[in-house]
Amino acid sequence: MQYTTAAEAVKLIQSGQSVYIQGSTSIPEVLVAALAERGGELHGVKLYSAFAVGAHDAPYCRPEFRESFLVNSLFVANNIRRWLADGYGQSIPAFLGEIPGLFRDGTIPLDVALINVSPPDAEGYCSFGVSADLAVSAVECARIIIAQVNRAMPFSYGDAVIHSSRFAAAVEVDSPLVEVPTAVPTETELRIGRYIAEMIPDGATLQIGVGGIPNAVLGALKDHKHLGLHTEAMTDGVLPLLESGVIDNSQKVVMPGVSVASLALGSRRLYDYMDYRKDLVLKDVAWTNDPFRIRQNPKVMAINSAVEVDLTGQVCADSVGVRIISGVGGQHDFMYGGALSEGGKTFIAMPSMTPKGESKIKALLTPGAGVVTTRHMIQHVVTEYGVAHLRGRNLAERARALISIAHPSVREELERAAAERYGYSFLRMKG
């Protein structure tokens, strides 16, 4: 493999082309910086990115480049969030698991893929490391592949492997991956985690996300047996369960004996654990997030979070009012697949209040808020005050259950709203 400089490599990109930028914690920052340096000579380059954790704001998100780079986000990441909020870029609503299909059927045509990969193995294969998600389909569909070959990238198996002969250009770097600190659960999050862990049986297959509540759940599962992992994002929180053998994947139907994820984000310890490990694979997000594949595993436990939930069970998870702050990700796919799984359960877990002291359980969603999980799909909502079991319950019963786990300071207000909305059918139920 012949290496070149980043400045030379990005000369392959021309005005008007469509470029995919790999995400997770593996943004190819050296290539992206070199591309931004060409901003003055390019026009109308469409940039597509999805879930990512950047070390800093994207260098192409500068007012003088607003006509050079047209930013389209498939999941609003931290490094471009301000740019989109200021109206310079746009987000494309889509389930993360369906985005590879947009590439493959030409709805979103790609000319170039910028990727961050491991050094080649003895046979010349590089790994996408911590980010299979959309990178697999983007590399499959792009005409030009420009690689940042990174000594810091672990070699992961599964779909996230490419032969170096496919690179139109390659740049050698030793660039540390972004590390996401392990969230230490608060007492509120620990209580939520315990409620959920009590409902998870031995032999369950876990889909679990990022943050204090997921880590609280994982910490409360240390005495469980024969758990499996089939998830979208893998974090440091699963390492103690993998190392102790609590997660052994022995009762999974889909890839038994193997932990499955689409991306990873965490500390260097997680990245080192993944390196050349054949019992842990990263797969195309269209594969991991297929609800009909998810349902094949027994006892799928899908644990997700929310910005807010209304009294009917509608879940907003991607916006604060009209301002989109993230994306749908895999919540819908795993909530659906988990509900279809034999013995499966799905959870929306959240503190009862925001850090600003506002209730996350509301009579009505904030105007402009988007519904990620519909009221027809919801099963359990969990706060530090308990579990609201919503499956099979009518709207008045749901309101009563959700009010019981709301913060005490807002329960009276929610009671009045529910009484006005549902009348006698709500009032007849005792609190």
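Ile-144 counts as buried, at 13% relative accessibility, where buried means under 20% relative accessible area, exposed over 50% and partly exposed in between, computed with a 1.4 Å probe on protein chains only. The residue lies in strand β7 (residues 144–150); helices (H or I, at least four residues) and strands (E, at least two) are DSSP runs, numbered from the N terminus. Along the chain Ile-144 and Arg-166 are 22 residues apart, and their C-alpha atoms are separated by 8.6 Å. The model is predicted, so that local features need pLDDT of at least 70 and side-chain atom pairs count only at pLDDT 80 or more, while totals for chains, interfaces and linings use all residues. Residues are numbered from 1 along each chain as its sequence is written, and side-chain values use heavy atoms, with hydrogens and water left out.

In an unreviewed entry, UniProt lists "domain: Acetyl-CoA hydrolase/transferase N-terminal" for residues 5–175.

Pro-120 lies in the loop between β5 (112–117) and β6 (125–127). With a relative accessibility of 32%, Pro-120 counts as partly exposed. From Pro-120 to Gly-209 the distance is 30 Å, C-alpha to C-alpha, and the two are 89 residues apart in sequence.

The structure holds 16 salt bridges, a salt bridge being a side-chain nitrogen of Lys or Arg within 4 Å of a carboxyl oxygen of Asp or Glu. One of them joins the side chains of Glu-41 and Arg-38, at 3.1 Å from N to O. Glu-41 is exposed, with a relative accessible area of 55%, whereas Arg-38 is buried at 11%. Another salt bridge is formed by the side chains of Glu-308 and Lys-362, at 3.2 Å from N to O. Glu-308 is in strand β18 (residues 308–310) and Lys-362 is in strand β23 (residues 361–362), so this pair ties together parts that are 54 residues apart in sequence. Glu-308 has a relative accessible area of 5% and is buried.

Glu-412 and Arg-416 also form a salt bridge, in which the closest N and O atoms are 3.3 Å apart. Both residues lie in helix α14 (residues 408–422), four residues apart, which is about one turn of the helix. Glu-412 and Arg-416 are both exposed.

The disulfide count comes to zero, with a disulfide defined as a pair of cysteine sulfur atoms within 2.5 Å. For Cys-141, the closest cysteine sulfur is that of Cys-126, at 20 Å, which is too far for a bond. Cys-141 counts as partly exposed at 23% relative accessibility, and Cys-61 is buried with a relative accessible area of 15%.

Empty space was then searched for. Rolling a probe the size of a water molecule over the atoms shows where such space is left. On a 1 Å grid over the protein atoms alone, a cavity is a set of points where a 1.4 Å probe fits but cannot get out, and a pocket is an open set with protein on both sides within 12 Å along at least five of seven lines; lining residues have an atom within 4 Å of a point. Grid points are joined across faces, edges and corners, and a volume is the space filled by probe spheres set on the points.

The search of the whole structure finds one cavity of 30 Å³ or more. The largest cavity holds about 80 Å³ of space. Its lining consists of 14 residues, and those nearest its centre are Ile-21, Ile-27, Ala-58, Tyr-60 and Asn-79. By class, seven of the lining residues are nonpolar, five polar and two charged; Ala, Val, Leu, Ile, Met, Phe, Trp, Tyr, Cys and Pro count as nonpolar, Asp, Glu, Lys and Arg as charged, and the others, Gly among them, as polar.

The second largest pocket contains about 220 Å³ of space. Among the 22 residues that line this pocket, Pro-93, Asp-318, Ile-324, Gly-327 and Val-328 are the closest to its centre. The lining of the second largest pocket has 13 nonpolar, eight polar and one charged residues.

Notes
UniProt positions are given in the numbering used here, feature names are shortened, and annotations may be inferred rather than shown by experiment.
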